[in-house]
Amino acid sequence: MKPFIHQKDNWPDFTCEQKEIIKPLSEVRHLQGRLMGKMQSLGFDLQNEAFLDTLSLDVIKSSEIEGEILSAEQVRSSIARRLGIEIASSVESDRNVDGMVEMMIDATKNCFGPLTADRLFDWHAALFPTGRVGMYKITVADWRADSTEPMQVISGALGKDKVHFQAPDSAIVPQEMTRFLDWFNNNQENELVIKAAIAHLWFVTIHPFEDGNGRITRAITDMLLAQSDNSTERFYSMSAQIRVERKQYYEILEKTQQGNLDVTKWILWFLSCLKNALNSTDSLLTTVLFKAEFWNQHSKTLINERQRKLLNKLQDGFDGKLTSSKWAKIAKCSKDSAIRDINDLIKKNILQKEDAGGRSTNYEIIKPTVNKGLGNAAFGGD
């Protein structure tokens, strides 16, 4: 089996071709600066809304990469409670959702604090509040202990399996982590975005925990990207973009971990993914601005509490299509009351019937007239 990078004599002396990364790094830095400038011009309330949306996306997609599907409503409610933001239809959240949220908020809000073993153990304990993954008990808030065999990433049928990666022996994980944390807290030579790329590769290669390494790796990445933005708020999601590029992500990780300590190609991929994440944040800002323009346009419109609750819920993220039956269920009112509410909003040019036919009538919000480029906030899929 070909040796992995952590088995090389010069591990972890990473190198890269500086000339190759200068241009993509400057492009990323330009996009970061432009985005932060946009956000500062929005005002406090809209910044909070954008941060809530971004962090919700980050939590959901980082978990999704590992095959864990979290409730978007629970994630959004959990984040809002911890940030002191009022949202429509807040719901109770499960412990595993709260744990993921707590880790990501700590990584972002306390991004300038030191990263220590105890802090990582706290994150790990938050991710696994029951000390189990499904039915299986795991070591929580401590480095992994490989009691039976080395930690490997394997694919294929038994006897024809392929080892994609083998982590360092658990016996040396404490010293590996001591070296990593010393570099993380004290290294000032690497540019912060490049440091985020190296930290991501380094930590996931050590694989210090029995489970949860990917999610913690991405929290560490966000922590350094927040430092690079000089901001304790996130307005773009690297995890969401990694989810989109998941196949390429695992391919470049495998190639890099089976290569040498020249990590130029890994850094170039990381910068490309980050650039795509920064560009894709425009859709998130569109949603935030849509909501602000909507309520500005209807600031003097007479809207009852049920209607306000449902309109906010539609704009915060609504599963399926809006029907009178769903309106009645969510608003906890009779179907007759729901129909009256909907018809009233149609008369006030706030709601309209969707063009698509079907067994039931569906409704959508009419876009604010002050911005012709936002489009209708339609909610599809029942």
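**Where two helices cross**

Helix α1 (residues 18-40) and helix α8 (residues 213-229) have axes that come within 10 Å and cross at roughly 75°. Axes here are lines fitted to C-alpha atoms, for helices over the stretch in contact, with angles running from 0 to 180 degrees between N-to-C directions. That makes α1 roughly perpendicular to α8 (65 to 115 degrees counts as such). Helices are DSSP runs of H or I, at least four residues, numbered from the N terminus. On the α1 side, Arg29, Gln32 and Met36 make the contact, and α8 brings Leu225, Ser228 and Asp229 (contact means heavy atoms within 4.5 Å).

Keep in mind that this is a predicted model, where local features need pLDDT of at least 70 and side-chain atom pairs count only at pLDDT 80 or more, while totals for chains, interfaces and linings use all residues. Residues are numbered from 1 along each chain as its sequence is written, and side-chain values use heavy atoms, leaving out hydrogens and water.

Now to another helix, α3 (residues 72-83). Its buried residues are Gln74, Val75, Arg76, Ser77, Ser78, Ile79 and Ala80 (buried means under 20% relative accessible area, with a 1.4 Å probe and protein chains only). Among what covers those buried residues of α3 are α2 (44-65), α4 (95-109) and α12 (305-316).

Note on methods. Angles under 35 degrees count as roughly parallel, over 145 as roughly antiparallel, 65 to 115 as roughly perpendicular and the rest as oblique. Buried means under 20% relative accessible area, exposed over 50%, partly exposed in between (1.4 Å probe, protein chains only).
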